[in-house]
Structure formats: structure tokens, C-alpha cells
Amino acid sequence: MKAVTVRTRSPAAGGPSLPARHGRYRGETYYDRPALKAAHWDWTVSSYIFLTGLAGAAQAIAAIGQALDRDRYRGVLRNARFLSSIGSAVGAGLLIADLKTPKRFYNMLRILRPTSPMSFGSYIFGAFGGLSWLSALGELRSGRGRLARLVRRSADVAQVGAGLTGAGASTYTAALMASTSTPFWAAAPRWLGLQFATSAVASAAATLSLAERWGGRTDNSRRLDRLAALATAAHLVASLGARRQRHDKGLDEVSESPQGRRLELGDLVIGGAVPLAAYALHRLTRERAPALSVVGSLAVIAGGFLLRHGTMNAGHASARKPRAYFRFAQPENLPRDRSVIRLGPPR
Amino acid sequence: MDQQLTPYTTEAERTAGVRIEPGKRYGFFTDTTVCIGCKACEVACKEWNQLPAEDMSLTGMSYDNTGALSATTWRHVAFIEQVRPAQDHERDDGVPDRWLMMSDVCKHCANAPCLDACPTGAIFRTEFDTVVVQQDICNGCGYCVPACPFGVVAIDDCDGKAHKCTLCYDRLKGGLEPACAKVCPTDSIRFGELSELDAVARERVEELKAQGVEEAYLYGTPDAPGATGGLGRLNAFFLLVDRPEVYNLPSAPTRPSQRIGAALGAGLVAFAGLAAAAVTLLAGTRNGGGR
Ligand code: SF4
């Protein structure tokens with residue numbers, strides 16, 4: 001039988017209701033037992049998400065650098081290409097290691113399913129990895145021969161593709177988490193997308209900045225620091241927005257759990273306040289202490305990982321808390337009109 | 001479609017009065033008001049599907065020592081022992097102390113989140129409108145597990161594949177009623193065509209209401225609690241007499257894939273915005289900013 005999408009009339013305001021005598025939800029559970037099963041994901045998945053974000057955004061920044069001023073951003077281009085080709089290889093390894101039947105990893109490409117970020121994400125990631133390797137080939141072929149020129153030219157074209165697929169690779173992972181029933185991930189899909197995108201750009205800019213500083217190209221490092229600072233500021237807004245929306249959807253129990261607190265420490269402090277302070281001080285002191293820029297960049301990178309890892313663990317915790325799920329799964333939290341994809345600020 | 005694939009009377013016709021034909025929609029109607037908690041369904045399911053026993057210890061919370069659905073437990077009888085605190089016994093509000101029992105199972109959702117999530121195509125919709133995991137394709141990515149809004153499907157660490165109720169796909173193919181429904185001594189679990197089950201269920205609610213059981217309602221039929229948020233309907237649906245949460249069910253579950261657009265869209269917009277900012281910040285030929 002063909003898969004059919006059953007459409008129902010849009011429910012009355014607030015969704016279908018129970019007989020009136022059951023009243024409002026007052027925290028009932030079934031002997032406090034979990035109502036959901038948590039994903040089995042561990043550090044391999046959070047590292048993969050972090051790595052694809054970092055590599056994807058690095059390739060996008062490099063593509064912009066290549067278009068603006070190729071000579072000036074030679075180093076950025078080279079570093080992004082190597083980072084992303086190695087990163088995508090490691091990422092693929094992490095993904096396969098995460099499977100419970102890894103020898104069947106190729107079944108991931110058996111179908112393409114638009115309702116599954118795990119499915120279309122594999123294609124985005126595969127394309128990104130391939131284009132990244134192609135772009136890296138351009139770094140390996142110097143010389144004046146026709147073949148060398150062809151390789152370099154196709155590497156430059158691949159760079160644009162790697163930048164575009166990089167945008168997808170670094171953000172689809174937010175959809176991967178949001179499109180589950182795990183309450184902590186499901187409660188703030190838009191904000192999660194903003195968080196992952198801003199964090200990806202921030203950590204990529206920070207990593208490339210570190211490398212430029214290392215290579216003595218201070219001015220490039222300064223520009224990348226600004227990008228990292230801007231992305232971090234945007235990230236803080238997104239993180240605070242996510243926090244508020246989770247509060248509105250009844251998930252305080254998760255935010256206040258040890259896992260929720262650890263996420264806030266890692267994301268808001270290490271990945272937010274610390275780097276912003278370091279970057280600000282660096283500028284205020286007229287860049288006399290390069291260590292400040294380095295500290296800022298390292299904090300951004302660490303924060304990027306802690307965001308992914310902390311969000312993952314807080315999600316696992318939320319799946320095990322029946323009250324958190326039941327508060328979230330109330331009619332008032334149902335999407336009001338599911339035919340429209342709203343991109344504006346969440347309600 | 002050939003209506004008479006089987007010229008003889010099948011077993012399901014004799015045991016459940018149901019003729020099983022590809023292309024029709026089948027499911028379970030579980031009427032919890034007649035469940036006696038005997039767990040025959042759990043046993044029959046394990047026997048037919050050759051599912052191993054699990055942890056043999058006692059939970060200590062109620063007569064429910066099964067605990068939850070799992071990769072090797074596809075029917076789970078929940079016991080809810082509602083004994084009000086002593087002081088409430090003074091109040092005569094007509095609600096007695098009571099035991100509620102419910103045989104939980106995979107809901108075989110119309111728009112199944114596990115199927116939406118499955119990247120390999122291992123999970124598919126059968127010709128009977130049920131949802132089944134193909135063991136020879138599943139690679140154990142585990143994404144169906146957090147996708148399910150009811151905590152049903154699970155990975156078995158022994159074989160690294162996802163498992164759940166198949167609504168006895170093999171039995172249906174052979175014209176047999178699913179094992180749990182066949183064995184249920186009170187007909188709390190009824191197997192049949194959805195349109196017929198819906199009618200039976202609606203009638204039963206009316207009957208109960210006429211008997212004064214005002215709190216009875218259906219969970220999982222179209223536009224009822226449980227069939228919310230784009231799930232369409234649950235092919236395995238229930239008659240309940242207390243809030244869904246009491247039975248470990250969510251009031252208003254959602255179809256997770258509906259959140260893809262919001263997360264991905266917002267992410268890409270933010271990414272594009274920062275890329276535009278990067279163009280400005282990285283442009284310029286001279287070395288700016290002092291030294
Ligand atoms: S209840 Fe869960 S496992 Fe069963 S069909 Fe629905 S999503 Fe899949």
C-alpha cells in the first residue's frame with residue numbers, strides 16, 4: 001500500500017479535548033516511569049554535530065574569502081579545505097561508529113526520505129565531504145601544467161559547492177534533534193536552528209582566526225575575530241530565546257536539572273560570556289595582548305562543542321522525565337497551523 | 001484488487017469475524033474497561049514472536065512487573081492502582097478506589113513518526129496499513145527510537161536492530177488474527193478493520209456513558225486526544241476512563257517531522273545572514289584597525 005498522509009480537520013482551538021471532568025493536567029504519571037525512549041546517542045554524535053558545524057561553516061567562510069580576495073585569504077582557504085576534508089572523514093567515521101549495525105552503513109543511502117533529517121542529512125553531509133575533498137585537491141596540485149590548472153579550477157568550483165552544502169551540513173543537525181519526540185529538542189525548533197547556525201559560524205571563524213594568527217596574518221585574524229564575536233553575540237540571543245521557549249512549553253524541570261545547568265554553563269558562559277568579554281578586552285586594550293584573542297577563540301570552540309553535547313544530554317534527560325514530556329504534549333502546545341512554515345520569532 | 005485471494009474461510013474469520021485482505025486498514029481497539037490484567041496478551045505475543053524473557057525482578061510499584069514496552073516486549077499491561085488517601089474516603093464523590101488496566105502496544109500511527117524518521121527504508125507501511133521494521137535492512141541508527149511519541153520502538157543491543165510490534169504481519173498474511181487479540185479472554189483487545197472498530201468503539205463509549213461512566217472517551221481515533229499534531233490517527237487506539245497521562249500516554253503528541261522546516265529554515269536564514277555579515281567584515285584590501 002502506498003504511504004498516505006492522513007489529513008485531519010484542523011482541531012478546534014487548543015486541540016481535541018478530554019471529557020470535561022478530567023480537568024487540566026496536574027502532573028499525573030505512570031509510577032514516574034518514562035513515557036518516551038531516549039536516543040542512544042553519546043559523544044560520537046555530539047562530536048559529529050560539532051565537527052560538521054565547524055567544517056561546514058569554515059568552507060563557507062573560505063568560499064567568501066576566495067571570492068573577495070583570493071591572495072589575502074590563501075591561508076584561510078588552505079586551512080578550511082584541510083580542516084573540512086579531514087573533518088568530514090572523521091565525521092563519517094563517527095557516524096558509522098554510532099550505528100548499532102555498522103556493517104550496514106551503506107543502507108543510509110538506500111532511499112532518500114525528506115521527512116528524515118537522518119536521511120537527507122546523510123546526502124548533504126556526503127556531498128559536503130566529497131566537495132571538500134575535491135577542494136582540498138586544489139591545494140595539492142601546484143605547477144603550471146594543464147592538468148594542474150584543471151584541478152585547481154575544479155577545486156575552486158568545488159569550493160563554492162562546499163560552502164553551500166556546508167551551510168546545510170552545519171544546520172541540518174538542528175532539524176535532526178528538533179524532529180524527534182524528545183521534549184527538550186522538540187520544544188524550540190527555530191531557536192535550535194539559530195543556535196546551531198550561529199555557533200557553527202562562530203567556531204569556524206574562531207578556528208580560522210587562530211590559524212591566521214599562528215601564521216602571522218594578524219589582520220585576517222582580526223577580521224575573523226570580529227565575525228566570531230558577531231556570531232557569538234547572535235548565538236547568545238538564540239540561546240536565551242531557546243531557553244525562554246522551553247520555559248513557555250513547560251520544560252523548567254529539564255532546564256533546572258544537572259544536565260540543563262551544565263548546558264547553560266557551557267553554552268552561555270564558556271561559549272558566550274567568556275569569548276565576548278575576551279574579544280571586547282582585546283579591542284579595548286588596542287590589541288596589545290594577542291592572548292586575549294586566542295582565549296576568546298578557544299572559548300568559542302569549546303562552547304560550540306559544549307552546546308551540542310549539553311543539548312544532547314539535556315534531551316536524553318528530558319525523555320526520561322514523564323512530567324516534562326506530558327507538560328510539553330498538551331493541546332495548548334500544538335502547532336496552530338501546520339501547513340505554514342513560520343520563520344519569524346517564535347511565539 | 002482481487003477480493004477472493006483465499007477461497008476458503010480463514011481462521012481470522014472464525015475467531016474475530018474479520019476477513020483479512022491486502023489494501024484494507026487494520027488495527028486494534030483496546031477497551032481498557034474490560035481488561036482484567038491477566039497478561040495473556042503479553043505471553044501470547046512473546047510466544048508467537050519468539051521474544052525472549054527479560055529482567056525477572058519485581059518492580060515493587062504494582063502488579064506490573066513488565067514495566068514498559070521494549071525491543072522484546074511488544075504488549076505491556078499497565079496496572080494503575082488508584083487508592084485515594086484515607087481522608088478522601090470521607091468525601092462521597094462517587095469515584096471509587098479502583099484498578100485501571102491497559103494493554104499497551106505500538107499504535108501503528110497513520111502518519112508514523114518512526115517511519116518518517118527511518119533513513120534506510122527498513123520501517124515501512126504494509127498492505128494492511130500497519131507499520132513494520134524489516135530486520136534485514138535496519139542498520140541500527142536508532143533514529144526511530146526518539147522519534148516515536150509513545151516510547152514504543154527500541155533497539156535490541158543483542159542484534160543491533162530496532163524492534164516493535166508488527167501487528168503480527170506474518171499472521172495477517174496467513175489469514176490469522178494477531179496473537180494478542182486472539183488470546184484476550186475478555187475481548188479487551190479487538191482486532192479488525194478500522195472503520196468497523198471505530199463504530200464498535202463509539203458504540204461502547206455511548207454504552208458506558210449510558211451506564212453513568214461519564215469519563216469514558218476514545219484515545220487515538222481521528223480528532224481525538226492522541227491523534228493530534230499531524231499524526232492523523234492511531235490504528236491501535238484505546239478506550240480510557242482517566243487522563244491519558246495516568247496510562248503513560250501523552251494528551252497531545254505531535255508528528256516530529258513537522259518541525260524540520262522550522263529548525264532547518266531558521267538555521268539556514270541565520271547562516272545566510274552571518275555569511276552576508278562575513279562578506280562585509282572580510283572585504284577591504286588595506287590592513288585596517290591600527291597596526
Ligand atoms: S507508536 Fe511509535 S513505533 Fe508505533 S507506529 Fe507510532 S511512531 Fe512507530
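In the classification of residues used here, Ala, Val, Leu, Ile, Met, Phe, Trp, Tyr, Cys and Pro count as nonpolar, Asp, Glu, Lys and Arg as charged, and the others, Gly among them, as polar. By these classes, the shell around the ligand consists of 10 nonpolar, one polar and two charged residues. Of the 13 residues around the ligand, those that come nearest are B:Cys106, B:Lys107, B:Cys109, B:Cys114 and B:Cys148, where a residue is near a molecule or strand if one of its heavy atoms lies within 4 Å of it.

The model is a predicted one, in which local features need pLDDT of at least 70 and side-chain atom pairs count only at pLDDT 80 or more, whereas totals for chains, interfaces and linings use all residues. Residues are numbered from 1 along each chain as its sequence is written, chains are lettered from A and ligands numbered from 1 in the order in which they are written, and side-chain values use heavy atoms, with hydrogens and water left out.

Between the two chains, 100 residues of chain A are in contact with 112 residues of chain B, contact meaning heavy atoms within 4.5 Å. The area buried between chain A and chain B is about 8,200 Å², of which carbon and sulfur atoms give 62%; buried area is the accessible area (1.4 Å probe) that two parts lose on being put together, summed over both. Two salt bridges are found across this interface, a salt bridge being a side-chain nitrogen of Lys or Arg within 4 Å of a carboxyl oxygen of Asp or Glu. A:Arg21 forms a salt bridge with B:Glu215, with the closest N and O atoms 3.8 Å apart.

Helices (H or I, at least four residues) and strands (E, at least two) are DSSP runs, numbered from the N terminus. In helix α2 of chain B (residues 40-49), the residues B:Cys41, B:Glu42, B:Ala44, B:Cys45 and B:Asn49 are buried, that is, under 20% relative accessible area, with exposed over 50% and partly exposed in between (1.4 Å probe, protein chains only). The cover of these buried residues includes β2 (75-82), β3 (98-105), α6 (179-183) and β8 (189-193) of chain B.

Most residues other than glycine have a negative phi. B:Lys39, in the loop between β1 (26-31) and α2 of chain B, has a positive phi near 65 degrees and counts as buried at 18% relative accessibility. Just after α2(B), B:Gln50 takes a positive phi of about 55 degrees. In chain A, A:Glu287, located in the loop between α9 (258-284) and α10 (290-319), has a positive phi of about 60 degrees and is buried, with a relative accessible area of 14%.

The structure holds zero disulfides over all chains, a disulfide being a pair of cysteine sulfur atoms within 2.5 Å. B:Cys184 is in no disulfide, the nearest cysteine sulfur, that of B:Cys38, being 6.4 Å away, and B:Cys184 counts as buried at 14% relative accessibility. The sulfur of B:Cys45 is 6.5 Å from the closest cysteine sulfur, in B:Cys168, which is too far for a bond.

In strand β10 of chain B (residues 236-240), B:Leu239 is buried, with a relative accessible area of 0%. Not counting residues up to four places away in sequence, its contacts include B:Phe29, B:Thr30, B:Asp31, B:Val205, B:Leu208 and B:Tyr217.
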